[in-house]
Amino acid sequence: MAEEIKRLNYFLGQFLEAEDFQAEQNYHVDMRRHGNHALYYTAGILDGGFQVTKVSVNKIQIGAGIGVDAQGRELVILSPVEKETTGFTGGLKAYVLIQYGENQADPKRNAEDGSNAEDGIKGYTRWMEAPKIDLHKDNLGLSESGTYITLALITLDANKGILNIDLSVRQHANARLPRNVTIGYGGDGVLNVRHVDGKHWENDSKDDLFLNWKTGKNVLLGFGENTKSSLFVSGDVGIGTSAAAHSLDVRGTSIKLGLEVRGGGQLIIGHGEPNDNKIYLEAFSADGTGHADELLLTGKWAANVPKLTFHADATSINGNLTVGGNITLAAGNQLNSPGRMHIAGEENLYLLNKG
């Protein structure tokens, strides 16, 4: 028979016993723990609390905090608690662990004799939830039971004195929702996070990360309130492709390098007709409506002009060519013209043959 979920129902004149009140508590506790277990799929710290610090040679302090274990039970410390290391016998490395704990408190006492009895029945009026702090040679926070949460790893000397406290082993809870998460209601929301990893759509293994998947919307970095942010990529960048084969792999019809911010022009790399197997490098004005004044293939500072080499079967220039220096043909090459060739000098024209 499937397990049933029941909660108390009250009616006028109903006689309630202790087990009825206990059933009421159990319902709310169990439902909350079921919800915690579904949301937090690993045990761990929820609020960044449970900070472990050294207060003396042989004593540590665990600060206030809240966590959840694999059964969905909340572990709460409201005020700092202390733990001594002198009784630890597991070696020179000790993991600081916390686990759920509860005990009965506030006994009902008889007014006459001070005993824990009333009408012959001994009982306590409260359950006190008090997490237990343990030291162990093994990291039990990694166990499948999920009943422990690791808070720190301390290194001890031969006298159990504290040499170092390593907080890198702290165990934080991981949350999971089956579908969408929306942050912000009726306006902007801010998600502050250190790392974002992609996840496989069928399981929890790491996979590609998609931003604005199937929305058709843009992804903007650093455009809020006149701020600027830089983007650093350690691998290849693909634009128009999900299989980049180069450091920058652009699959498209054109590439624009806009230098308009400081009054420069626009440089466009593109092609003409489909399948014409041609690449065009064009320089436009800042507004893109006309051509740029010049396209300079030099360094920004002309004092350090780089060497420019063309490797091509044929290089054509449709227009005037102005050379501010010498023209040198490699040995064995000729300067040919299919028709008449005119060489004119504004003053004298010298044809020299160095022999």
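This is a predicted model: local features need pLDDT of at least 70, side-chain atom pairs count only at pLDDT 80 or more; totals for chains, interfaces and linings use all residues.
Me: Hi! What volume does the largest pocket have?
Reply: Hello! The largest pocket has a volume of about 2,000 Å³.

Me: And which residues are closest to its centre?
Reply: Of the 32 residues lining the largest pocket, Arg-179, Val-181, Asp-197, Lys-199 and Leu-209 are the closest to its centre.

Me: Which strands supply at least two residues each to that lining?
Reply: Strands β17 (198–199) and β18 (206–207) each do that for the largest pocket.

Me: How does the lining divide into nonpolar, polar and charged?
Reply: In the largest pocket, 15 lining residues are nonpolar, nine are polar and eight are charged.

Me: OK, next one. What about the second largest pocket, what's its volume?
Reply: The second largest pocket comes to about 1,500 Å³. It is lined by 24 residues, and Leu-308, Phe-310, Thr-315, Ile-317 and Leu-321 are the closest to its centre.

Me: What classes are in that lining?
Reply: For the second largest pocket, the lining has 15 nonpolar residues, seven polar ones and two charged ones.

Me: Switching topic: in what order do the three strands of the open sheet come?
Reply: The order is β21-β22-β23, with antiparallel pairing. The edge strands, β21 (254–258) and β23 (280–284), each pair on one side only.

Me: How many degrees are neighbouring strands turned against each other?
Reply: On average, neighbouring strands of this sheet are turned by 15 degrees, direction ignored.

Me: And how many bridges join β22 and β23?
Reply: Strand β22 (residues 266–270) pairs with β23 over five bridges, in the antiparallel sense. For Gly-270, the bridge partner in β23 is Tyr-280.

Definitions and conventions
Residues are numbered from 1 along each chain as its sequence is written. Side-chain values use heavy atoms; hydrogens and water are left out. On a 1 Å grid over the protein atoms alone, a cavity is a set of points where a 1.4 Å probe fits but cannot get out, and a pocket is an open set with protein on both sides within 12 Å along at least five of seven lines; lining residues have an atom within 4 Å of a point. Grid points are joined across faces, edges and corners, and a volume is the space filled by probe spheres set on the points. Helices (H or I, at least four residues) and strands (E, at least two) are DSSP runs, numbered from the N terminus. Ala, Val, Leu, Ile, Met, Phe, Trp, Tyr, Cys and Pro count as nonpolar, Asp, Glu, Lys and Arg as charged, and the others, Gly among them, as polar. Two strands pair if DSSP finds at least two bridges between them. Axes are lines fitted to C-alpha atoms, for helices over the stretch in contact, and angles run from 0 to 180 degrees between N-to-C directions.
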